[in-house]
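Please look over the model below before reading on.

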Amino acid sequence: AGPRPVPAELTDGNSEHLKREHSLMKPYQGAGSAAMPLWDFTGSTMVTSQYVRLTPDERSREGSIWNRVPCFLKDWELHVHFKIHGAGKKNLHGDGLALWYTQERLTPGPVFGSKDNFHGLAIFLDTYPNDEATERVFPYISAMVNNGSLSYDHSKDGRWTELAGCSADLRNQNHDTFLAVRYSRGRLTVMTDVEDKNEWKNCIDIAGVQLPTGYFFGASAGTGDLSDNHDIISMKLFQLMVEHPIEDETVDWTKIEPRVSLLKSPKDNVDDPTGNFRSGPLTGWKVFLLLLCALLGIIVCAVVGAVVFQKRQERNKRFY
């Protein structure tokens with residue numbers, strides 16, 4: 001996968017590469033109406049002069065906001081200024097917020113207020129541990145790429161389909177909290193700035209990610225028995241000026257199926273509290289070695305059994 005990127009690799013917010021048609025910034029005049037034709041919202045979403053509140057701190061609410069313009073950039077970087085806060089203490093809050101780059105838009109559902117079995121990329125900011133046996137520290141940020149065939153398992157906090165993740169103390173902060181999602185030449189990088197240090201911190205770094213162009217950016221949130229305010233203050237998309245191989249010019253990027261080329265399955269990290277990949281108990285060469293050992297064991301047992309049987313036969317002959 002190569003060396004890890006450093007925060008300096010992220011853009012400095014240069015307005016020259018800001019794509020306003022995919023960005024949500026103050027003032028949000030007339031969001032979802034003809035006065036602001038670039039964004040739609042649904043559910044409990046409320047637009048104020050200072051923030052877009054996806055859900056209030058109330059039970060059983062869900063809301064989302066979606067860009068109306070499909071993105072045809074091959075390389076991009078999304079900066080999200082957000083705030084998750086509420087009256088709940090300890091683990092008495094939930095459920096979380098999701099950032100999307102997907103084929104579907106404005107479709108309510110069970111995955112943090114949006115559709116399950118989606119096509120594209122999701123970044124989850126999960127604030128409540130549904131799996132009581134988990135060793136992870138929440139809030140927890142994770143990434144998922146889906147071609148429509150995978151379902152997000154809330155009971156396991158998405159571990160079965162998670163690519164990687166990290167813990168981040170992003171809730172009820174008195175300072176600004178930010179998240180950056182960078183996609184360039186098949187590499188997905190997620191970084192956070194939630195410690196009031198004005199610097200990016202590594203969270204997720206995955207190579208081999210294939211995302212098509214022509215999908216939509218969005219954000220959603222949901223609450224259940226527990227709740228929080230989930231606010232989006234801004235979403236700024238920047239175009240990355242990156243050179244691609246000549247053969248990429250012949251590819252129809254709108255037809256690519258979302259996928260990740262991994263050496264091991266995302267399911268291998270189900271018992272890993274860090275969220276980073278490690279070898280699973282029955283994957284790849286381990287399966288081969290297990291089968292080989294089993295075969296050798298059977299052969300050895302057969303040989304030993306044959307020798308013991310032959311010895312007994314010879315001894316029985318001597319008694320007659």
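1. In what order do the seven strands of the open sheet lie, and is the pairing parallel or antiparallel? The order is S2-S3-S15-S5-S10-S11-S12, and the pairing is antiparallel, where strands (E, at least two residues) and helices (H or I, at least four residues) are DSSP runs numbered from the N terminus, and two strands pair if DSSP finds at least two bridges between them. Strand S2 (46-47) and S12 are the edge strands, each pairing on one side only. Between S2 and strand S3 (residues 52-55) there are two bridges in the antiparallel sense, and Val-47 has Val-52 in S3 as its bridge partner.

2. On the basis of the values: this is a predicted model, in which local features need pLDDT of at least 70 and side-chain atom pairs count only at pLDDT 80 or more, while totals for chains, interfaces and linings use all residues. Residues are numbered from 1 along each chain as its sequence is written, and side-chain values use heavy atoms, with hydrogens and water left out.

3. Not counting residues up to four places away in sequence, Trp-76 touches residues including Tyr-101, Leu-121, Phe-217 and Leu-240, a contact being heavy atoms within 4.5 Å.

4. Cys-166 lies in strand S9 (residues 164-167) and Cys-203 in strand S12 (residues 201-206), so the pair ties together parts that are 37 residues apart in sequence. The torsion about the S-S bond is about -105°, and the disulfide is therefore left-handed. Cys-166 is buried (under 20% relative accessible area, with exposed over 50% and partly exposed in between, for a 1.4 Å probe and protein chains only) at 13%, and Cys-203 is buried at 7%. Cys-71 also counts as buried, at 0% relative accessibility.

5. Overall, the chain has one helix and 16 strands, and buried residues make up 46% of its 320 residues. Among contacts between residues at least 6 apart in sequence, 70% join residues at least 24 apart.

Methods: Disulfide = S-S within 2.5 Å.
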